[in-house]
Amino acid sequence: MANRVAMKKKKMPVFSVVNAIIFIVLCLIILIPMWKVLVDSFDLKTAYGMKLWPEQFGIAGYKSVFTNPSLYKPFLISVIVTISGTFMGLAISTLGAYVLIQWDLPGRNFFAGFLLFTMIFEGGMIPTYLVVRALHMTNTLWAVTLLPAVNIYDLVLMRNFFEGIPTALFESADIDGCGPVATFFRIVLPLSKAGLASIGLMFAVNYWNNYTNFKLYITNQDLYNFQMKLRSIIMGSDLPQANGGATENTVKNAAVIVAILPFMIVYPFLQKYFVKGINIGAVKE
Amino acid sequence: MSKKIDEQTQKNLAILKEANRRSTLRRIKKYRGFYVMFLPVFILALVFHYIPMIGNYYAFTDYKGIAGAKVNWVGLANFTKMFSMAAFHSAFWNTLFLSITKLLLNTFAAVLISLFLNEIVNIHFKKIAQTIIYLPHFMSWVVTASVFTLILSPTSEGMVNQILVSSGIIDKGIYFLAEDTWWKPMFFVINLWKDTGWGTIIFLATLSGISPDVYEAASIDGAGRFQKMRYITMPALQNTIITVLILNLAKVMNLFESVFVLQNDAVLSTSNVLQTYVYYQTFNSGTIPNYGYTTAVGLTKSVVGCILVLICNWASKKVRDGRGIV
């Protein structure tokens, strides 16, 4: 193997160099738009397009974001909805997935069909909206917490993960008089930490980034999450007062950075779980 | 004689059935914990998926959401109206054009990049490159749209326009996201930027599954890097590519958020897809929402989507040894 690599290096140095250049360019293409936003968020002068470094460094943009109650409240709502929603989503999908692996449970096939059918045919935007409205859930955080928690795709991923647990463990638990609930908490959950992590993270990202549900069900500005707020700031309809020398543009850029910051901090440490999540779904054999 | 045997058989069958029923009951009793555990997802799916499915009958009424007003059955009137609307036709074809083109472009780019990524020898460089190209996938569409609205802005703050103007390619800034000719290309570019990297994961998984021995043998036979790519790597990827296309083809009708956050009034007619059309007609039409009509449009979308899922499921079973997508 090492030999082969060495041989490759000797044989095709040109290709390796070209390949490295391709990826450096690719990474720059990905990073420059983000970098530009970061730079402009720290620049107190109205930013000129081509600068890649702040001309007049200052954190006034961030001060405007964090001292403005109309901005930190949406941030708090995002945090609350993300945390409670992730727990709810995980609870619902792990319980559901656990039932779907009980092959001799009377009604198991009906349950599976019941859930899978929702992936084939969907109710649609307006009928769902009318149901939410009839339940008096519009303009409550229930609508934006409960609806994304029922994610059949994630539930199926969880089931795929559970199927990897050796059945012998379930049998011995049954013989030892361990009931379904105890088995779930003592065997299934402890053995599925990696799966819980990746699916929990998917839920968390989903909730944090949620815009469509808020747009549909929330019209009360006091219940906006950060994405909704960010959207109205960027569209210019709702710009918070820029103070301490920050320009309008500085505040806009700072708000974008605040929206991605929490994720950027955890992402490098959790990347493998995200990748794992896609692999249990797609490459399952 | 035979009658007696028949009677006996009948009796045995009855006993068996009874035993079976009892054992089913016993199993239900034994497993009652499972039914409780299934309750949350059952109730939520019932309320948020099945009741809306039934609610689609509004498509055949003139329901306008006014409390106390009588809801009249109008048959297919909403659908006749829908087919007479130019906006519906453009939204329908736009949905298909935008999502299928996006799917093909993104898949092609992801395959290409994963092939090159697979050739990187330095493991640290590979890790860093992967981390960076996966990143945009996790940004919300609102953030993505914000970033591109800022850098594509026609004013002096827009980086892209500044570069183009100062290098003399154009005379004055182009409003990329608000011009009919530019909106669709920009939509594809932004989608490529956001999801190509993430799309490579599944192809990389396939590539790492190819045994190095095969490449070794090919090298001994004198195959070069590109020959190996052509005769070993590409055939191995073929199945994964088809799988990815099928899985995503089933979802093409659902296009909403990415279009919604990137469009604006200036390009509404070129950018509208079915879901955004339904949204604007219902919540932003300036009059009393005509739920009957917009439900009809939504139902059409769901039916086409359902047919696509079933076709893709059938195709998936053929291609993937009996594994469906649902």
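This briefing covers the fold of chain A, its contact with chain B, and one helix pair in chain B. Keep in mind that the model is predicted. Chain A is built with 14 helices and 0 strands, and its contact with chain B takes 80 residues from chain A and 77 from chain B.

**Chain A fold**
- Going along the sequence, chain A reads α-α-α-α-α-α-α-α-α-α-α-α-α-α.
- Chain A has 285 residues, and 39% of them count as buried.
- Take the contacts in chain A with a separation of 6 or more: 74% of them come from residues 24 or more positions apart.

**Where chain B meets chain A**
- On the chain B side there are 77 residues in the contact, and helix 2 of chain B (residues 32-55) gives the largest share of them, with 15 residues.
- Sorted by class, that side of chain B holds 49 nonpolar, 21 polar and 7 charged residues.

**Helices 10 and 14 of chain B**
- Helix 10 (residues 225-249) of chain B packs with helix 14 (residues 291-319) of chain B at about 160 degrees, and their axes sit 8 Å apart.
- Angles over 145 degrees count as roughly antiparallel, so helix 10 of chain B and helix 14 of chain B are roughly antiparallel to each other.
- The crossing of helix 10 of chain B past helix 14 of chain B is left-handed.
- Helix 10 of chain B brings B:Ile242, B:Thr243, B:Ile246 and B:Leu249 to this contact, while helix 14 of chain B brings B:Leu308, B:Cys312, B:Ala315, B:Ser316 and B:Val319.
- By class, the residues in this contact between helix 10 and helix 14 of chain B split into 7 nonpolar and 2 polar, with no charged ones.

Terms used: Residues are numbered from 1 along each chain as its sequence is written. Chains are lettered from A and ligands numbered from 1 in the order in which they are written. This is a predicted model: local features need pLDDT of at least 70, side-chain atom pairs count only at pLDDT 80 or more; totals for chains, interfaces and linings use all residues. Two residues are in contact if their C-beta atoms, placed from the backbone, lie within 7 Å. Helices (H or I, at least four residues) and strands (E, at least two) are DSSP runs, numbered from the N terminus. Ala, Val, Leu, Ile, Met, Phe, Trp, Tyr, Cys and Pro count as nonpolar, Asp, Glu, Lys and Arg as charged, and the others, Gly among them, as polar. A residue is buried if 20 or more other C-beta atoms lie within 10 Å of its own, exposed if 12 or fewer, and partly exposed in between; C-beta atoms are placed from the backbone. Axes are lines fitted to C-alpha atoms, for helices over the stretch in contact, and angles run from 0 to 180 degrees between N-to-C directions. Angles under 35 degrees count as roughly parallel, over 145 as roughly antiparallel, 65 to 115 as roughly perpendicular and the rest as oblique. A crossing is left-handed if the near helix is turned anticlockwise from the far one by less than a right angle, and right-handed if clockwise.
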